[in-house]
Amino acid sequence: RHTRSLIVTGVQTCALRSSSQMFPMKSYSVELWDNAGASQDKSLFGLPKESDWVLYAPYTDKTLMRNFLAYTFSREMGHWASNCRYVEVVVNGDYKGIYVFMEKIKRNSGRVNISKLTPTDTSGTDVTGGYILKVDKTTGSGTGGFSSAYPPTAGGQVPFILYDYPDDVTIAPQQANYIQSFVDSFENALHGSQFTDPIVGYSKYINDTSFIDYFLTNELSRNVDGYRISSYFYKEKITKGNRLVAGPVWDYDIAWCNADYYNGQYFTGWAYVTNNSGGAGYQVPFW
């Protein structure tokens, strides 16, 4: 694919917080501002208007295409996933190399299209959605959330579920209680003896198709981070589905046999089993 040029001048850039920041090539978060310093939505490279974007540095992925491929997989299965463009980046005259310019996971009509929650939406139908959650590392900013009610199948650290939208700073106590209770109910139903029952089983809590497609994307890509890190899901309010949806897919730079641990270098076997190694941290939920 042809690359485009992205020339950034006279601005400050903020490196994203993740383990990739130890690499020589840094990823960046980009926010568009007007002259008064307020965020403003703009369409860049033909993508839907927004103010928040990501400049991803594919340092560990020499093909530059692992994220691009996984996101394309998911979109072609009918789900929203980050649109990407290859760009050459120059910051204040300093050439940084080829990056992947992509949409950030965010509640928005053009991205994760769920209902907006305000701090006053604390009861009735309003409190039921929408929410974005993730199973992820608890390092860096935004570490608020709750633990899974059940340990992983192989034992070890209980997965932690973080608030993404609303984040842990803005989420109201009633909203935090509601979404934790909903996830707890899902886990209790899935863990129970009648888990396949259409009335009291897990299917009343999740969008089955989204979980199946999410599973296929992780397994076909042999994603060693799959299910346990950078694993998003969201919930719409009761009048618009009222189920957990798996996704959007995110962070596949060491998928497609680009890791030499958790059997990530092999073409056979299952990622959801080999990731779950017992005593190690960041375990795959029992789901």
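This is a guided tour of one predicted protein model, stop by stop.

Before selecting anything, note how the model is treated: residues are numbered from 1 along each chain as its sequence is written, and side-chain values use heavy atoms, with hydrogens and water left out. Because the model is predicted, local features need pLDDT of at least 70 and side-chain atom pairs count only at pLDDT 80 or more, while totals for chains, interfaces and linings use all residues.

**Whole chain**

Show the chain as a cartoon. It has four helices and eleven strands; helices (H or I, at least four residues) and strands (E, at least two) are DSSP runs, numbered from the N terminus. Of the 287 residues, 44% are buried. Buried means under 20% relative accessible area, exposed means over 50%, and partly exposed is in between (1.4 Å probe, protein chains only). Switch to a surface view: the chain exposes about 14,200 Å², and carbon and sulfur atoms supply 53% of that area. Accessible areas come from the Shrake-Rupley method with a 1.4 Å probe, and for residues only the protein chains shown count as cover. Among contacts with a separation of 6 or more, 65% are between residues 24 or more positions apart; contact means heavy atoms within 4.5 Å.

**The nonpolar cores**

Select Tyr71 and Met102. They have the most contacts inside the largest nonpolar core, which has 46 residues. A nonpolar core is a set of buried Ala, Val, Leu, Ile, Met, Phe, Trp, Tyr and Cys residues joined through side-chain atoms within 4.5 Å. Helix 2 (residues 173-191) supplies the largest share of this core, seven residues. Another core, of twelve residues, lies apart from it and includes Met25, Tyr28, Leu55 and Val91. In soluble globular proteins, nonpolar side chains tend to be buried together.

Keep Tyr71 selected and show what surrounds it. Beyond neighbours within four places in sequence, Tyr71 is in contact with Ala81, Ser82, Cys84, Met102, Val249, Trp250, Asp251 and Tyr252.

**Helix 1**

Select residues 66-76, which form helix 1. Its buried residues are Arg66, Asn67, Phe68, Ala70, Tyr71 and Ser74. Their cover includes strand 4 (52-56), strand 5 (84-91), strand 6 (94-103) and helix 3 (208-220). After the helix comes Gly78, with a positive phi near 100°.

Now select Phe73, also in helix 1. Is Phe73 buried or partly exposed? Its relative accessible area is 30%, so Phe73 is partly exposed.

**Asp61**

Go to the loop between strand 4 and helix 1 and select Asp61. With 1% relative accessibility, Asp61 counts as buried.

**Salt bridges**

The whole structure has nine salt bridges, each a side-chain nitrogen of Lys or Arg within 4 Å of a carboxyl oxygen of Asp or Glu.

- Asp126 and Lys237: their closest N and O atoms are 4.0 Å apart. The two residues are 111 residues apart, Asp126 in the loop between strand 6 and strand 7 (131-135) and Lys237 in the loop between strand 10 (231-235) and strand 11 (244-246). Asp126 is partly exposed at 36%, whereas Lys237 is buried at 14%.
- Lys134 and Asp136: the closest N and O atoms are 3.6 Å apart, and both residues are buried.
- Glu50, Asp52 and Lys106: salt bridges with shared partners join them into one network.

**Last stop: His191**

Select His191, in helix 2. At 46% relative accessibility, His191 is partly exposed. Not counting residues up to four places away in sequence, His191 touches Tyr150 and Phe286. Its C-alpha atom is 9.9 Å from that of Ala149, 42 residues away along the chain.
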